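I opened the model to look up its core, its aromatic pairs and its salt bridges. My entries follow.

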Amino acid sequence: MSDPKSYTVGWICAITTEYVAARAFLDEEHEAPAYLSPQNKNDYTLGRIGKHNVVISVLPLGEYGLTSAARVAEDLLHSFTNVRIGLMVGIGGGAPSQKHDIRLGDIVVSIPFDGHGGVIQYDFGKTLQYQSFQPTGFLDQPPTILRAAVIGIKAQYEMEGHNIEEATDEVLSKRPRLRNKYQRPDQESDRLYQSYIVHPFNGTDCNIVCGSDPAI
Ligand SMILES: [Zn+2]
């Protein structure tokens, strides 16, 4: 049984797909915790990534949003009292702009910039006609240790690039069951349609229903 006191990083996922991906990337999975707070309602996976002991949890079935995430985080901190870093890691939608062609599958890390702390609450602001989103409040910036680590990763990336392909290939070869649902889709099918296109729900080929004209 694992000692809850030896975990310092908490990782919260919103949906099962994210939970599976998070678990698959553990270098080593640990046994269930030796004890938990009697009030605990969370499901946990324990393990190690690099030199860090990580506790991963997920929002309960059918629950979404900030309230549920806050409840999961609180339970996690009650049971794993030495957690010092909390990460919410999730799948975002594509958000392409003229400046950044962000597609599903890209990794985006928010950083403090231009007077913003780097953590933006999506419903903590207002959108006015013909104007961009205006924040009406702010959240504290992430802890120093994470902001320092981002610079470390940035420097490493500039010098050596990343090895995301290799890392995902390695995980998928260890767990071939995941390949079908979790591997990167064929580049050919990674088409970005204009936002007014309504896609079929029943899995029909987009090429047939939505068209393959590069202008749309
Ligand atoms: Zn479509």
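I call a residue buried under 20% relative accessible area, exposed over 50%, and partly exposed in between (1.4 Å probe, protein chains only). With that cut-off, I find Tyr44 and Phe80 both buried.

Ground rules. This is a predicted model, where local features need pLDDT of at least 70 and side-chain atom pairs count only at pLDDT 80 or more, while totals for chains, interfaces and linings use all residues. Residues are numbered from 1 along each chain as its sequence is written, and side-chain values use heavy atoms, with hydrogens and water left out.

Aromatic pairs. I count rings of Phe, Tyr and Trp (its six-membered ring) as a pair if their centres lie within 6.5 Å; planes under 30 degrees apart are stacked, over 60 edge-to-face, the rest tilted. I find 2 such pairs in the structure. Tyr7 and Phe80 make an edge-to-face pair, 6.0 Å centre to centre with 85° between the planes. Tyr7 sits in the segment before β1 (9-13) and Phe80 in the loop between α2 and β5 (85-88), so this pair ties together parts 73 residues apart in sequence. Helices (H or I, at least four residues) and strands (E, at least two) are DSSP runs, numbered from the N terminus. Tyr7 and Phe80 are both buried. Tyr44 and Phe80 also pair edge-to-face, at 4.8 Å centre to centre and 75° between the planes. Here Tyr44 is in strand β3, and the partners are 36 residues apart. I note Tyr7, Tyr44 and Phe80 as one aromatic cluster.

Core. I define a nonpolar core as a set of buried Ala, Val, Leu, Ile, Met, Phe, Trp, Tyr and Cys residues joined through side-chain atoms within 4.5 Å. The largest one has 11 residues, including Tyr7, Tyr44, Leu46, Val55 and Phe80. Which elements each supply at least two residues of this core? They are β3 (44-49) and α2 (65-79). Helix α2 gives the most, with 3 residues. A second, separate core has 9 residues, among them Val9, Cys13, Ala22 and Val54. In soluble globular proteins, nonpolar side chains tend to be buried together.

Around Leu46. I take contact as heavy atoms within 4.5 Å. Leaving aside neighbours within four places in sequence, Leu46 is in contact with residues including Tyr7, Leu26, Val54, Val55 and Phe80.

Helix α1. I looked up residues 16-24 and found Glu18, Tyr19, Ala22 and Ala24 buried. Their cover includes β1, β3, β4 and α4 (164-174).

Salt bridges. I require a side-chain nitrogen of Lys or Arg within 4 Å of a carboxyl oxygen of Asp or Glu. The whole structure holds 4 of them. In one, Glu29 meets Arg23, the closest N and O atoms being 3.3 Å apart. Glu29 is partly exposed at 44% relative accessibility, and Arg23 is partly exposed at 32%. Arg71 and Asp75 form another at 2.9 Å, N to O. They are 4 residues apart in helix α2, so about one helical turn separates them. Arg71 is partly exposed at 23%, whereas Asp75 is buried at 8%. Asp101 also bridges to Arg103, at 2.9 Å, N to O.

Pro96. I place Pro96 in the loop between β5 and β6 (125-126). Pro96 and Leu192 are 96 residues apart in sequence but 9.0 Å apart in space, C-alpha to C-alpha. Not counting residues up to four places away, Pro96 touches Asp101, Ile102 and Leu192.
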